[in-house]
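Dear colleague,

I am passing on the structure we spoke about, and my notes follow directly below it. Please read them with the model open beside you.

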Number of protein chains: 2
Amino acid sequence: MKINILKTNGNARACLMETPRGKIHTPAFMPIATLGTVKAMSTDELKEMGAEILLCNTYHLYLRPGAETVSSLGGIHKFIHWDLPILSDSGGFQVYSLSALRKIEEGGVHFRSHIDGSMHFIGPKEAMEIQSLLSSDIAMTFDDCPPYPSSYEYTLESLKRTTQWAKQCREYHKKIKDTLQIPPTPPLLKGGEGGLRNSSCFVNHESTQCLFGIVQGGTYKDLRIRGLEELIEIGFDGYAVGGLSVGEPKEEMHEMIYFTAPLLPADKPRYLMGIGDLNDVLTAVEAGFDIFDCVMPTRNARNGTLFTSRGKVSIKRTEYKSDSGSLDPDCDCYTCRNYSRGYLRHIFLSKEILSMRLNTIHNLHFYFNFFRNMRKSVIENTFGKFKTQWEAILS
Amino acid sequence: MKINILKTNGNARACLMETPRGKIHTPAFMPIATLGTVKAMSTDELKEMGAEILLCNTYHLYLRPGAETVSSLGGIHKFIHWDLPILSDSGGFQVYSLSALRKIEEGGVHFRSHIDGSMHFIGPKEAMEIQSLLSSDIAMTFDDCPPYPSSYEYTLESLKRTTQWAKQCREYHKKIKDTLQIPPTPPLLKGGEGGLRNSSCFVNHESTQCLFGIVQGGTYKDLRIRGLEELIEIGFDGYAVGGLSVGEPKEEMHEMIYFTAPLLPADKPRYLMGIGDLNDVLTAVEAGFDIFDCVMPTRNARNGTLFTSRGKVSIKRTEYKSDSGSLDPDCDCYTCRNYSRGYLRHIFLSKEILSMRLNTIHNLHFYFNFFRNMRKSVIENTFGKFKTQWEAILS
């Protein structure tokens with residue numbers, strides 16, 4: 001994993017990440033392909049609109065169809081028909097946010113599947129095995145994500161676990177890369193469809209997979225520093241900041257964004273996890289973050305909330321009933337080129353699948369355009385102006 | 001509306017229908033764009049796979065978004081982004097099959113909307129007005145469709161209505177075409193979003209719209225003959241057979257298909273309404289029908305039932321879990337070129353929108369290929385062989 005800083009504008013950076021599967025121009029947005037598909041989109045459509053990397057959720061793919069199944073079908077790229085980079089999260093966040101029951105112990109987390117109630121266990125070792133089976137390009141360490149608010153004591157304990165697990169992830173990831181043939185651990189992972197039942201599937205593991213560490217520490221600056229330093233000592237191919245946008249006030253989130261970004265190694269990719277509200281993105285890019293993921297453009301699209309150059313549009317509103325104009329007159333996406341607001345309203349109210357498609361095309365197109373223009377502004381030394389302009393539109 | 005018979009093979013015909021908006025090669029299959037979208041598909045995808053004509057449902061579009069709205073947005077073609085021919089049904093069938101409450105009287109049918117329970121009225125006059133507002137290329141007469149089974153007496157009474165309404169449709173359709181500016185009838189159509197509230201919308205009416213008559217008569221041959229002769233006397237641009245596939249045994253349906261087709265004028269398009277099971281299509285093409293519509297390929301796709309050159313596949317079956325093969329090795333559709341059965345099963349079970357898309361692409365591709373090859377067989381005088389081969393696969 002190489003990252004070349006092409007230009008900085010204050011702390012904001014325009015970089016080029018080079019991976020064996022393709023280049024990523026940053027600041028970059030990763031659409032979320034939870035279960036191996038960005039909802040409503042084909043991968044060819046995503047490529048056409050400029051996506052350079054997708055995010056897949058380890059937790060979801062582990063439960064359905066199972067990491068072994070993905071592996072036996074040729075790995076995540078072949079499985080989902082996407083030959084550019086893929087980042088897999090570690091499953092940590094979903095274990096905490098989706099599972100009704102979870103029990104944290106030293107080696108990992110016991111949790112109940114949100115689908116069928118079956119019991120499962122994921123720890124650093126399993127997270128590395130699963131992501132190896134998926135054969136993503138960027139794997140994430142298995143972390144412990146404290147809820148907001150959490151006491152200093154709890155956050156400290158949690159951070160110690162995160163660091164310990166990060167160390168184990170690093171070791172296990174190296175071991176898998178070195179051998180490419182590590183026997184899995186059936187007793188731990190036997191439950192559900194996701195169980196790892198035989199070792200033959202490790203053949204898909206690619207030795208090019210790199211590993212990012214995740215900085216936790218809640219809203220405590222000294223803990224963020226501590227977590228960060230411990231991760232840097234272990235050494236990762238990139239550094240992510242997690243545990244933000246979990247309920248804390250925006251001011252606190254932005255403070256942590258400004259605080260952590262400059263402390264992350266400048267020569268590695270900096271990834272702000274789960275944040276994609278464009279106001280937050282502007283703050284984070286200003287702070288020095290490179291990559292982002294969020295369900296916002298895709299989920300909002302399916303709910304009929306559309307981003308435009310003049311602010312958000314709720315397409316279901318009666319005023320659009322007979323509106324023959326395009327959704328965003330400044331947009332040249334497929335949706336805006338071919339359909340009226342009146343039609344988009346009609347198919348949204350009729351719950352047509354095409355509505356999900358056209359809305360998602362538009363919102364993702366909008367996001368990719370936003371990121372492209374933001375990058376351009378960094379290169380042209382006008383990021384400050386870009387930020388001010390968009391903050392007025394987004395507010 | 002011109003139809004050129006290019007080749008016959010027994011009663012089977014390969015024709016070319018010429019309309020101002022484009023040519024239709026028959027035997028032709030019309031995908032159903034109920035509310036102005038073929039579920040899960042974009043119109044560009046449909047065009048790419050060879051669709052030459054779509055069917056839109058008058059009943060559904062009248063209720064949502066309303067014929068006036070479609071008209072004010074430029075008519076059905078502009079509304080749905082499709083510049084090739086569109087056939088609109090008359091709403092008659094849906095009034096009978098979807099509305100919980102309906103009261104038939106001489107001038108038409110009072111019915112309750114299946115969406116919001118509001119009361120509406122459609123008769124021959126309204127059906128012509130609505131279809132004029134939609135600006136479809138082919139309008140259908142408003143008919144009375146008796147349920148199966150119905151007594152001879154009831155079917156006769158119903159047929160008399162159908163003929164009377166057909167006559168009124170013909171007259172009213174001519175009147176609209178002649179004037180292009182007929183004031184609508186607000187008192188009758190005031191309910192719901194679909195009400196026709198002012199006459200300004202008639203500007204969209206295109207004088208090229210043609211009108212097909214619908215032959216009813218249930219399973220009584222003499223009534224079919226009577227209905228047919230009465231329609232021919234009135235004179236239409238094409239003739240459809242309705243009231244089949246409404247619950248009668250297959251043998252009876254096939255008997256009526258073989259009986260009615262040769263009695264329809266040979267120099268006009270012959271349309272068998274609502275029938276698209278491929279076994280029935282083979283029978284109907286053998287009998288001499290030209291055009292077909294059915295929700296089967298699209299609805300089955302969304303239910304995970306896929307047509308292949310080796311028979312039907314239920315994609316959810318466990319046997320496909322780790323199956324890396326394509327759905328149909330003989331198929332070159334987008335789905336079969338890019339995705340494994342294992343992936344298709346996974347996204348179907350996960351209820352992903354992409355599953356609806358990929359399955360629909362495949363099934364429609366299959367249907368269009370089937371129709372193309374069927375047409376080829378008629379032209380090459382091998383339709384009998386084609387029918388026998390496919391009956392073995394489809395059984």
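Helices (H or I, at least four residues) and strands (E, at least two) are taken here as DSSP runs, and they are numbered from the N terminus. This is a predicted model, in which local features need pLDDT of at least 70 and side-chain atom pairs count only at pLDDT 80 or more, while totals for chains, interfaces and linings use all residues. Residues are numbered from 1 along each chain as its sequence is written, chains are lettered from A and ligands numbered from 1 in the order in which they are written, and side-chain values use heavy atoms, with hydrogens and water left out.

I begin with one helix of chain B. Helix α14 of chain B covers residues 353-379, which is 27 residues, and spans 39 Å from its first C-alpha to its last, close to the 39 Å expected at 1.5 Å a residue; the expected span is 1.5 Å times one less than the number of residues. Of the 27 residues of α14(B), 22 are buried, so the helix is largely enclosed by the rest of the structure. Buried here means under 20% relative accessible area, exposed means over 50%, and partly exposed lies in between (1.4 Å probe, protein chains only). After α14(B) comes B:Asn381, which has a positive phi near 65°.

Next, the interface. The size of an interface is often given as the accessible area lost when the parts come together. Between chain B and chain A the buried area is about 3,300 Å², and carbon and sulfur atoms give 53% of that; the figure is the accessible area (1.4 Å probe) that the two parts lose on being put together, summed over both. In terms of contact (heavy atoms within 4.5 Å), 40 residues of chain B meet 41 residues of chain A.

There are four salt bridges between chain B and chain A, a salt bridge being a side-chain nitrogen of Lys or Arg within 4 Å of a carboxyl oxygen of Asp or Glu. A salt bridge joins the side chains of B:Lys39 and A:Glu352, at 2.7 Å from N to O. On the side of chain B that touches chain A, at least two residues each come from α1 (43-48), α3 (67-72), α4 (75-80), α12 (334-338), α13 (341-349) and α14 of chain B. Of these, α13(B) gives the most, with five residues.

On the chain A side, A:Asn338 belongs to helix α12 (residues 334-338) of chain A. Leaving aside neighbours within four places in sequence, A:Asn338 is in contact with B:Asp44 and B:His81.

The peptide bond from A:Thr26 to A:Pro27 is cis, with omega near 0°, and A:Pro27 sits in the loop between β3 (22-26) and β4 (28-30) of chain A. In chain B, a cis peptide bond links B:Tyr148 to B:Pro149, with omega about -5°, and B:Pro149 is in the loop between β10 (138-140) and α7 (152-179).

A:Ala40, although not a glycine, has a positive phi of about 80°; A:Ala40 lies in the loop between β4 and α1 (43-48) of chain A and is buried, with a relative accessible area of 0%. B:Lys351, also a residue other than glycine, has a positive phi near 55°, and is found in the loop between α13 and α14 of chain B, where B:Lys351 counts as exposed at 71% relative accessibility.

With best wishes
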